[in-house]
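Subject: Structure handover and findings

Dear colleague,

Here is the structure I said I would pass on. My notes follow below it.

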Amino acid sequence: MSFDDFLHHLRQDGLTAPNVSHWQVFPARAADLRPLPPELPRPLFESLAKSGIQALYSHQAEAWDAAQRGENIVLATGTASGKTLAYNLPVLATLTENPLARALYLYPTKALAQDQFSAISEQFSVPAAIYDGDTPTSQRKAVREKARIILSNPDMLHTGILPHHTNWSEFFRNLRFVVVDELHIYRGVFGSHVANVLRRLKRIAAFYGATPQFILTSATIGNPAEMARRLIEAPLTLLERDGSARGEKHFLIYNPPVVDEALGLRKSSVQDAVRLGKELLAADVQTVVFARSRRSVEFLLSYLPQHPFSGKVGEGRGGGAIRGYRSGYLPAHRREIEQGLRSGEVRLVVATNALELGIDIGGLGAALLVGYPGSVASTYQQAGRAGRGDAPAVSILLASPAPLDQFLAHHPEYLFGRSPEQGLINPDHLLILLNHIRCALFELPFGVNEGFGSLPAETVQEYLQVLSAGGEAHEALEKTFWMSEAYPAAAVSLRSASPENVVLQTEEEDRARLLGEVDRESAPWMVHPKAVYLHEAQQYYVQELDLEAGRATLIPVALDYFTEPLKETSVTVLSVVAEAPQKAWGEIQVTSQVTGFRKRAWVGGEILGQEPLDLPPSDLQTTGYWLSISEETVESLSRAGLWTNSPNEYGPEWPKIRERVRTRDGFRCQVCGAAEGQRQHDVHHKTPFRFFMRASEYPEKARAAANNLSNLTTLCHECHKKAETNVRVRSGLAGLGYVLASLAPLFLMCDSDDLGLHIEPEAFAINGLPSLVLYDQVPAGIGFSERLFELHQELLARGLEHVRACPCEDGCPSCVGPGGENGLGGKAETLALLKQLVG
């Protein structure tokens, strides 16, 4: 089947065509070519000729001209537009003409550095080397002395190069270029850290007498020039007119069909991804499938082998036509998969955003995005993995039931008719800045009149005084010196995750094997004891998690269930920064603990059981925005029967009724037959108590009907939890939290994982009112909660509009979230609450 035949099939297929909510066609574009610069050194002419390059794209030529003028540059052109050559040419030309000159290339991941190193080594003869955590100690001295281009990442620059700059004196003395690739990745906390690392880099280069020129590259974001200036704190030239050739590209938004109109339930996007993946394989179209999480990657891999066109599936130690690709796989494993994609041996790869960046994986024909990636920039990046040069390509975004996905399915102009998100960073974030001033002080003493990047000397002195007061620094001879024995960079992680990892070790055939690793913060919920962990479709059972040793021990298994962690969270307000009617924001402490886990059947998702866990809690001090419901609003909604957050009032006779029911049932669970132990069994309302009380004009009669013995049964704690899930009544406050947390990323231009949600249905400690809290998922916050405080009314208005427009009857995953299978969804309560709050 040809590519055109496949597109025709999509338009005619009864399973696909009716559910395509938008089909965007980007026409083919001819290349805008310019002659090679006549001043290009002869060795570069020859290297380009060997690669078949006779001319430059217009943006590559403009980058050359700007670099020759000594300007800092940010290149913001499309995926696969030749940005690598655009920065390599001026760098290599300088290094060819000046045998002492050096360059530093920074990539956000080790994998990308490996990929670019291969490209440089194959095409050019200038000595280059990778210097990262995987570089053997025995080779590091030779790399420092002989390599003229160092390829590394911000983490290694932070911990392995800058603190040891005396070993790099020759390199820094001759540093002429710094290349920062994938600028758009450096947003939020990571970007704020990296901006400070670059401040330290420029400070050390200046100490050795160098002022390097910066070249940055970026995917399509709304503010590449502004973000680049914030990152390097220097003037620069923006080049964003793309002169590369592009084949015709098709972008489809596919919204899975509704399978239950009353509940608003849609078919799983994962199931449709499997079907479309099978069809692409049958059409011999090489494909990448992007999933939102590592677990989704493993789910897809486990389903794909069921189909006849799936070929052989790799299991981590061998090859295969279908492979997985995500963080946690070992570097050699990932390199093998990348090579398989380039050679064509791998026909379909299921990946997280680990494959989103510019790693060379050849010219794929299709990209399936299973769920909105979380930002417009990431959507463009993932879709851009399909199509190279003049070849046509198709990208399909399969919407999940999440409110954000459904919003996009009904408002495609958000993707195609507006500027992509802006990258936001805050290098002067209090905790981040203080940590990097520590690191900078360790590297070089601060003079009394010395600033730090754009920070004036007066501000720097304030931070230094804090360090001196704590015994970490000492002032003498108009300078401040580092005095602590600690190595500060080792204690500062540039990423939002913990700097420590937990190694995953398997016991197979009487020998231990390294399976992969997860970050320490994720370990309690990903590899807790008795968890089922998935790795390339293979199940592993976690026998032991030793957080102190940083090790989890697993064994391969084949089970009919997977596990879900259960987490409890509490919020304490530390200080209120600002408040107004209905809203406030300030500093909070979030305490989370994984308390147990559920077992769910692979087929059907039925809950098979639940077990407790005894794991230590974790604390996060951050900033939060909270919305509180006034007593007047609660009273008004209660009178209308539209407030279900208050505790159930079973009446004064309830203890006697409860005892009578347990006696009648012989003190045994009426589902599993378990006898009472030290803990008394629960008494459960078959028809939920709230069903009777909802909008009842005669509460006493309703209470008596709810507490009728025929409506009551005895259940053990585990069976009671299952029953409550089935008849759960979603409250208006829970529905409000669900929709606001889902829509907030539209306003903040962040990923949904950057925000946490906590609901206090009865009385929030700070004001005694029912409240919901949206908080930054990073220590000390990055500004999201403050922005939500400012956008309070707009966020509520958009939430009301979204819930009103949803066609479901009583709540669904696309608006306020579902109730239990036989419960209530809370849509009416959420709508009533939103109307009260919007006014």
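Which residue forms a salt bridge with Glu564? The partner is Arg598, and the closest N and O atoms of the two are 4.0 Å apart. A salt bridge here is a side-chain nitrogen of Lys or Arg within 4 Å of a carboxyl oxygen of Asp or Glu.

Before the rest, a note on the source: this is a predicted model, in which local features need pLDDT of at least 70 and side-chain atom pairs count only at pLDDT 80 or more, while totals for chains, interfaces and linings use all residues. Residues are numbered from 1 along each chain as its sequence is written, and side-chain values use heavy atoms, with hydrogens and water left out.

Salt bridges

Helices (H or I, at least four residues) and strands (E, at least two) are DSSP runs, numbered from the N terminus. Glu564 is partly exposed, with a relative accessible area of 23%, and Arg598 also counts as partly exposed, at 23%. Buried means under 20% relative accessible area, exposed over 50%, and partly exposed in between (1.4 Å probe, protein chains only).

A search of the whole structure finds 29 salt bridges. One of them joins the side chains of Arg199 and Glu233 at 2.8 Å, N to O. Arg199 lies in helix α9 (residues 188–207) and Glu233 in the loop between α10 and β10, so this pair ties together parts that are 34 residues apart in sequence. Arg199 is buried, at 4% relative accessible area, whereas Glu233 is partly exposed, at 25%.

Asp682 and Arg679 also meet in a salt bridge (3.4 Å, N to O). Asp682 counts as buried, at 12%, and Arg679 as partly exposed, at 45%.

His681 sits in the loop between α21 (654–664) and β31 (682–685). His681 is buried, with a relative accessible area of 5%. Leaving out residues up to four places away in sequence, His681 touches residues including Arg658, Arg662, Phe667, Glu676 and Cys716; contact means heavy atoms within 4.5 Å.

A parallel sheet

Seven strands form an open sheet in the order β6-β7-β5-β8-β9-β4-β10, and the pairing is parallel. Two strands pair if DSSP finds at least two bridges between them. The edges are β6 (128–130) and β10 (237–239); each has a single partner strand, so one side of each is left without a neighbour in the sheet. Within the sheet, β5 (residues 102–106) and β8 (residues 175–180) pair over five bridges, and Tyr105 has Val179 in β8 as its bridge partner. Helix α10 (residues 224–232) packs on the sheet, where it touches β4 (73–75), β8, β9 (213–217) and β10.

An enclosed helix

Helix α14 (residues 376–383) has seven of its eight residues buried, so it is largely enclosed by the rest of the structure. The buried residues are Val376, Ala377, Ser378, Thr379, Gln381, Gln382 and Ala383. Their cover includes strands β11 (249–254), β14 (287–291), β17 (366–370) and β18 (393–398), as well as helix α16 (413–416).

Regards

Technical notes
Axes fitted to C-alpha atoms, helices over the stretch in contact; angles between N-to-C directions.
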